[in-house]
Amino acid sequence: MGDIGVIIGLMGAGIVLILAELVLPGGVVGVFGLILIACGIVAGFMHDAVFGFSLLAASAVVGMIAFWAWARFFPGSRLGKRMFLQQDTKEWHGYSPENIELLGKRGTTHTVLRPSGIALIDGERIDVISEGDIISKGESIEVVRVEGNRIVVARTADL
């Protein structure tokens, strides 16, 4: 098993599979690439100890440089921009901040609230929750609380 061509072939195939892992999901291809590189290093040790250590050292150095280059340049590349999220989440609240504007507004139920359903407020269909009681379709309601995305309504007397 000391043929250097086979060793170089194992190492080359491993590198190709690891590069393919950049665009293929799942990790299986990359694991097979690492296994082939490890087999190439073991075969290098079987051929000659110095050759094996050389392959091991070269693989470690090239691997670290390649990882650094990938982490530094890939996210900004055309393919990287398609794979990584580019939006900033600083302005994300986890809820719609404009919901607070609904506080005190009146509308009618579009569906039966048991206790959740849909209400029409200012001509918009909005998911709401009643304060606990069932409210029939078409009844007048008022927004009494807004808790994040949860809009709580109560039955009102018809005007």
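This is a predicted model: local features need pLDDT of at least 70, side-chain atom pairs count only at pLDDT 80 or more; totals for chains, interfaces and linings use all residues.
**A barrel, its salt bridges and a nonpolar patch**

Ser130 itself belongs to strand S3. Is Ser130 buried or exposed? Its relative accessibility is 3%, and because buried means under 20%, Ser130 counts as buried. The side chain of Ser130 also has a contact to show: it reaches the backbone oxygen of Asp133 at 2.6 Å.

Let us now widen the view to the strands. Strands of a sheet pair through backbone hydrogen bonds, and the pairing may be parallel or antiparallel. Here, strand S3, residues 124-130, and strand S5, residues 150-155, are paired in the parallel sense over 2 bridges. In what order do the 5 strands close into a barrel? The order is S1-S2-S3-S5-S4, and the pairing is mixed. From one strand to the next, the twist averages 55°.

I turn next to charged side chains. Across the whole structure, a search finds 7 salt bridges. One of them joins Glu139 and Arg155, whose closest N and O atoms are 2.7 Å apart. Why does this pair tie together separate parts of the chain? Glu139 lies in the loop between S3 and strand S4 (140-147), while Arg155 lies in strand S5, so the bridge links parts that are 16 residues apart in sequence. Glu139 is partly exposed at 24% relative accessibility, and Arg155 is likewise partly exposed, with a relative accessible area of 39%.

A further salt bridge is formed by Arg145 and Glu147, at 3.0 Å from N to O. Arg145, at 36% relative accessibility, counts as partly exposed. Glu147 also forms a salt bridge with Arg150, where the closest N and O atoms are 3.3 Å apart. Through shared partners, salt bridges join Glu131, Arg145, Glu147 and Arg150 into one network.

Finally, I would like to show you the surface. Which residues make the nonpolar patch of about 640 Å²? They are Val23, Leu24, Phe67, Trp70, Leu79, Met83 and Phe84. Helix H3 (49-73) and helix H4 (78-83) are the elements that give two or more residues to this patch. Phe67, for instance, is placed in helix H3. Its relative accessible area is 55%, and since exposed means over 50%, Phe67 is exposed.

Note on methods:
Residues are numbered from 1 along each chain as its sequence is written. Side-chain values use heavy atoms; hydrogens and water are left out. Two strands pair if DSSP finds at least two bridges between them. Helices (H or I, at least four residues) and strands (E, at least two) are DSSP runs, numbered from the N terminus. Axes are lines fitted to C-alpha atoms, for helices over the stretch in contact, and angles run from 0 to 180 degrees between N-to-C directions. Patches are made of residues with over 30% relative accessible area and no salt bridge: like charges are joined within 9 Å, nonpolar side chains (Val, Leu, Ile, Met, Phe, Trp, Tyr) within 5 Å. Accessible areas come from the Shrake-Rupley method with a 1.4 Å probe; for residues, only the protein chains shown count as cover. A salt bridge is a side-chain nitrogen of Lys or Arg within 4 Å of a carboxyl oxygen of Asp or Glu. Buried means under 20% relative accessible area, exposed over 50%, partly exposed in between (1.4 Å probe, protein chains only). A polar contact is a pair of N or O atoms within 3.5 Å; within protein, one must be able to donate a hydrogen and the other to accept it, and residues adjacent in sequence count only if both atoms are side-chain atoms.
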